[in-house]
Amino acid sequence: MPRETESDGHSSEKSAPNPASSGRFGSALDPGFTARVIAATGRNANPRLAEIMPALLRHLHDFAREVELTADEWMAGIQLLNEAGQMSNDARNETQLVCDVLGLESLVDEITSVKQGPRPSSPLQTQPRTSDARGGPKCTPKKTPTAAAPATRHRPPSSYEQQDPAQPEMHLRARLPTDPDGRFALYCLRPPPYPVPDDGPAGRLLGLLDRHPFRPAHIHFIVSCPGRRTLTTQLFDAEDPHLDDDTVFAVKEDLIAVFRPAEETDPMGARWRVGFDFVLAEAA
């Protein structure tokens, strides 16, 4: 223990600081420190921030105390977020991808859906159509399906057109109206499973966690109709091997579609057929 020399020439032991000792400012290890940080919020703060920040601060501080987070570990996390922000642009949001692989986006999506009201089920049908939540009068919404499939065998399946300058704008995307009864039909490539971009911080995080970057095969849809809530969703191939370990945790049971053999007389020579009903809830 360190010693100091007193003025009379005698030495005495000097007490080391006690991190849990109380005082005017207290210790950051004490939960009272968190209360001080929360109390620093001013009376004119944004109302929603004033509501949610106390919970965020409590969880952040409790997490750091629980795992005994070191300065080096904290800085590594800061660096990962910095790199994600620096890598993000109009074509790629790396910070959002980090949230995706941590399951946060899927969780927030589910919370939002619950707050907006029960999400209608989407049963498989042989005659796909769009209806309201009661199965009543059909809307005539427009749908925007997108498939994360390669335009050629030489292009990686994970390349969406906005991330690949070799692909034309809006490649493998379409805007389609339904008929008056809400029915629709389209031809597209049967998508394969593909990895999320793993050449940045999100991919490095997956590697450190011994996780793969693959998503199950899926097709994106945005379904809209006047007077109904716009539905942004995706359909998953029932035969895909990654249904149970989607790296962004987005698979839901009622979004799994079965690809069945198409009729041999299909005019476009399609090999597979899939049917799905989209059900739109009433707008708030």
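**Exercise 1.** Is glutamate 83 buried, partly exposed or exposed, and what does it pair with?

*Solution.* Start with the area: glutamate 83 has a relative accessible area of 25%, so it's partly exposed (buried is under 20%, exposed over 50%, partly exposed in between, with a 1.4 Å probe and protein chains only). A quick note on the model: it's predicted, local features need pLDDT of at least 70, side-chain atom pairs count only at pLDDT 80 or more, and totals for chains, interfaces and linings use all residues. Residues are numbered from 1 along each chain as its sequence is written, and side-chain values use heavy atoms, leaving out hydrogens and water.

Next, the partner: arginine 204 makes a salt bridge with glutamate 83, with the closest N and O atoms 2.9 Å apart (a side-chain nitrogen of Lys or Arg within 4 Å of a carboxyl oxygen of Asp or Glu). Arginine 204 sits in helix α6 and glutamate 83 in helix α3 (residues 71-87), so the pair ties together parts 121 residues apart in sequence (helices are DSSP runs of H or I, at least four residues, strands runs of E, at least two, numbered from the N terminus). Arginine 204, at 39% relative accessibility, is partly exposed too.

**Exercise 2.** Where does threonine 247 lie, and what does its side chain reach?

*Solution.* Then check the area: at 2%, threonine 247 is buried. Finally, its side chain reaches the backbone oxygen of histidine 212 at 3.0 Å.

Definitions and conventions:
Polar contact = N/O pair within 3.5 Å; in protein donor to acceptor, adjacent residues only side chain to side chain.
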